[in-house]
Structure formats: structure tokens, C-alpha cells
Amino acid sequence: QERGRRRPLRLAPRPARAPRPGAMSSKPLPGWVSFATSGIGGIFGWVFVHPVNTLGVRMNLASAQNPGVKLSFLPFASATIKEGGIGTLYSGIGAGIWRQIFYASSRYGLFQVFRDTMAQYREVDLLSRLFCATAAGGCAAYISCPCEVSLVRMSNDGSLPLAERRNYKGVMDAGARIAREEGVMAFWRG
């Protein structure tokens, strides 16, 4: 051994211990847990994102109705709040929550189902994961379209002139009226 160099200290392996109560298990979680936790996470995030989404929808529609007029986010937000109060930013929150129940939970939950099913037949590499994620996202988007359309309609309703407002009572009312007045395929148009 060279002078001045020390050998690394090697410890004997620890004897196996019984898991502590409440310690995490190495057993995989049931599938419903993935669906539920991703849905709850989506809902929690949406509560914070919804006001910005509402303003974005309204800005886009205002731009379409007034071509050539430049809109800036902060002045637009300020004018919207002055006109309708802070609560107007949460118009359509029910539809946003329903959207997250369907979209967020199915996107992540279906990804895990697809990935685990694929793992039974082949190694799950990056390309396989990408395929599973794309398929899961596509299915989730398709499943959540009725909620998305209801969300946009409810978010925009407050910015319409009084005579043109639909005055939806909630997401179920919005969905039922859209289906009844425009047909079920209106949820997947465009």
C-alpha cells in the first residue's frame, strides 16, 4: 500500500430489519390509486390555473371580435376584474374540475395501464413509453372533450353581452344544453 493513501472503510452489511410501521412498501399500488391521485393533483393545480385560463379564453375571443386591436394581459385582466369582480375569473370552475377528473386521471392512469400491458409483451424502452403516453393523452383528450367545451362556454359566457349570454346553471346544465341544442357531436367539433 502506498504511503499516505488510506484504504476505504468497508462496513459489513446490515442485518435485515423488519419494516417500520407506516414505512413504504415495495408492492405496486393498485391501478385505481394512480387514477385517483392524478385526478386530485389535476384538480388542485386547476384551481390555480383556472383564472389565467379564463382570461386567456376571453382575450382570444375579444381579439377575434376586434381584429387589429392589441390586447395586453395585465390591462385586460385588470379591466375584467373591475367589470365583473374577482369571482368572474372563476366562471366555469366546475367544468374545469370535471375536465380534470376525466383528463388528468385518465391521462396518467391510462399511461400506466398501457405501459404495464406493453411490458407483458416486450421491454418498455423510451419509444414504447412515448407511444403509451401519446395514446393515453389522445384517449384522455377524447374522453374529456365534453367537459372542455363546457368549460370554454362557461368561461366565456360572462364576457358576452347580456342578451347573448347562455346563463348556464352549472357544468351539467351546460353539457345537457349543448347536446340538446347543437347535438352530441358539438363536443368534438373543431
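In which helix is the place of Arg 129?

Modeller: Arg 129 has its place in helix 4. Before going further, keep in mind that this is a predicted model. Now for the setting. The protein chain has five helices and zero strands. Read from the N terminus, its elements run α-α-α-α-α. The chain counts 190 residues, and buried ones make up 32% of them.

Back to Arg 129. Its relative accessible area is 38%. Buried would mean under 20% and exposed over 50%, so Arg 129 falls in between and counts as partly exposed. Look next at Gln 112. Along the chain, Gln 112 and Arg 129 are 17 residues apart.

Helix 4 covers residues 126-157, and helix 3 covers residues 93-119. These two helices pack with their axes 8 Å apart. The angle between them is about 165 degrees. Angles over 145 degrees count as roughly antiparallel, so helix 3 and helix 4 belong in that class. Their crossing is right-handed. What does the contact consist of? By class, 20 nonpolar, six polar and five charged residues make up the contact of helix 3 with helix 4.

Trp 32 belongs to helix 1. With 62% relative accessibility, Trp 32 counts as exposed. Trp 32 and Gly 109 are 77 residues apart along the chain. Even at that sequence distance, their C-alpha atoms are separated by 7.8 Å.

Follow the chain on from helix 4 and you reach Asn 167. This residue sits in the loop between helix 4 and helix 5, the latter spanning 171-182. Asn 167 is not a glycine, but its phi is positive, near 50 degrees. Its relative accessibility is 53%, which makes Asn 167 exposed.

Last comes the open space. Rolling a probe the size of a water molecule over the atoms shows where empty space is left. The largest pocket holds about 310 Å³ of space. Its lining has 15 residues. Nearest the pocket centre lie Arg 58, Thr 80, Glu 83, Gly 158 and Ser 159. Two elements each give two or more residues to this lining: helix 1 (31-65) and helix 2 (73-84). The largest share, five residues, comes from helix 2. By class, the lining of the largest pocket divides into five nonpolar, seven polar and three charged residues.

To recap the part you asked about: Arg 129 lies in helix 4. It is partly exposed. Its helix runs roughly antiparallel to helix 3.

How values were computed
Residues are numbered from 1 along each chain as its sequence is written. This is a predicted model: local features need pLDDT of at least 70, side-chain atom pairs count only at pLDDT 80 or more; totals for chains, interfaces and linings use all residues. Side-chain values use heavy atoms; hydrogens and water are left out. Axes are lines fitted to C-alpha atoms, for helices over the stretch in contact, and angles run from 0 to 180 degrees between N-to-C directions. Helices (H or I, at least four residues) and strands (E, at least two) are DSSP runs, numbered from the N terminus. Angles under 35 degrees count as roughly parallel, over 145 as roughly antiparallel, 65 to 115 as roughly perpendicular and the rest as oblique. A crossing is left-handed if the near helix is turned anticlockwise from the far one by less than a right angle, and right-handed if clockwise. Ala, Val, Leu, Ile, Met, Phe, Trp, Tyr, Cys and Pro count as nonpolar, Asp, Glu, Lys and Arg as charged, and the others, Gly among them, as polar. On a 1 Å grid over the protein atoms alone, a cavity is a set of points where a 1.4 Å probe fits but cannot get out, and a pocket is an open set with protein on both sides within 12 Å along at least five of seven lines; lining residues have an atom within 4 Å of a point. Grid points are joined across faces, edges and corners, and a volume is the space filled by probe spheres set on the points. Buried means under 20% relative accessible area, exposed over 50%, partly exposed in between (1.4 Å probe, protein chains only).
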